[in-house]
Amino acid sequence: YHTEVMIVTLTGVNDYLRTQELKGLLDAFVRQYTDMAVERFDGEETGAATMRGALASLPFLTERKLVVLREPGKQKAWAEQIGDILQDVAETTDVIIVEPKLDKRLSYYKTLKKLTDFRERNELDVAGLARWAGEYAASQGGQLAATGARQLVDRIGANQQLLQQELDKLLAYDPHITGESIELLTEPMPQSTVFELLDAAFNGKAQRAMALYREQRTLKVEPQAIIAMLAWQLHVLALVKTAGQRSADDIAREAKLNPFVVRKSQSLARALSLQQLKTQIAGLLQLDRDLKTKSIDADEALQLYLLTLSGT
């Protein structure tokens, strides 16, 4: 562990990678200086003066100390004075600043990026998640082929923490993870399945769409919840469609969406015309109104809508 002052900023929306990196930095420090040398502060509860004082003060009964600050930027005075604060850090103090969400337009972001070891951890795309899943399985003594990794990501979604939990469960069942064990032991996330449902419907696979719908109902997902998820997916498709040739990252950043979701929607959006999307959105809106104002069977009405999507 180095003896120069370490000032690290951990940021980005990927909670899993950020948490893992924080754990690694903490473990390395504690191994050398013990956890008695670690001080933690939360910007939600602690004033700027207290946090600044912790950085400038000397360690007690240890050679060095580590100060971990979670979202200190929530204190206005801290964000405004960050340049001076960082200049005053004691030579015997290491600092980890955890700021999951930073506004890149603000001087606070620019100062942290310039004056600290700035580590931004964002969500991985589908290929990156699948590659990570395979590497994680191997690190635990297991095996997961590329096709199985992609199947798992498509089934579970982009949440790396959840993916790790599912991988641990699969590895405990059998270190050699197969498509069959993934189907057997994991539950598809409703949002992911609704995307598959839309994909099947728009591609004319009415039977597959109906099977996915029945699966959602078996999982106790109510028709109104499915409508809400369909509305969200159609909204994403409309955003992607109207964005033209812009990259997934650009679309995700401006629309405040997960890049994983955008990339997944791009191939489907390419196969649809804008007029088709408008028609289906209007149809879903009318269905929602009818369910709220008329006495109709929600299951039948929603299945009829899905059959209309598939051209049946």
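Me: Before we start, what does contact mean here?
Reply: Contact means heavy atoms within 4.5 Å. The model is a predicted one, where local features need pLDDT of at least 70, side-chain atom pairs count only at pLDDT 80 or more, and totals for chains, interfaces and linings use all residues. Residues are numbered from 1 along each chain as its sequence is written, and side-chain values use heavy atoms, with hydrogens and water left out.

Me: Good. Which residues does Y305 touch?
Reply: Leaving aside residues up to four places away in sequence, Y305 touches L230, L234, Q280, G283, L284 and L287.

Me: And which residues touch the most other members of the largest nonpolar core?
Reply: They are L230, L237 and Y305, in a core of 60 residues. A nonpolar core is a set of buried Ala, Val, Leu, Ile, Met, Phe, Trp, Tyr and Cys residues joined through side-chain atoms within 4.5 Å. Buried means under 20% relative accessible area, exposed over 50%, and partly exposed in between, with a 1.4 Å probe and protein chains only.

Me: Which helix gives the largest share of this core?
Reply: Helix α12 (residues 223-242) does, with eight residues. Another core, of 20 residues, lies apart from it; A48, V67, I97 and L102 are among its members.

Me: Changing topic: how many helices and strands does the chain have?
Reply: The chain has 16 helices and seven strands. These are DSSP runs numbered from the N terminus: helices are H or I of at least four residues, strands E of at least two.

Me: Is the chain spread out or compact?
Reply: Its radius of gyration is 24 Å, well over the 20 Å that the globule rule gives for 312 residues, so the chain is more spread out than a compact globule. The radius is taken over C-alpha atoms, and the rule is 2.2 Å times the number of residues to the power 0.38. Along the principal axes, the C-alpha atoms fill a box of roughly 75 × 45 × 40 Å.

Me: What percentage of the residues count as buried?
Reply: Of the 312 residues, 45% count as buried. Among contacts between residues at least 6 apart in sequence, 73% join residues at least 24 apart.

Me: Now L61. Where is that residue found?
Reply: L61 is in the loop between α2 (48-56) and β3 (65-70). It has a positive phi of about 65° although it is not a glycine.

Me: Buried or exposed?
Reply: L61 counts as exposed, at 75% relative accessibility.

Me: And where does E71 lie?
Reply: E71 lies in the loop between β3 and α3 (76-80). Its phi is near 50°, a positive value in a residue other than glycine.
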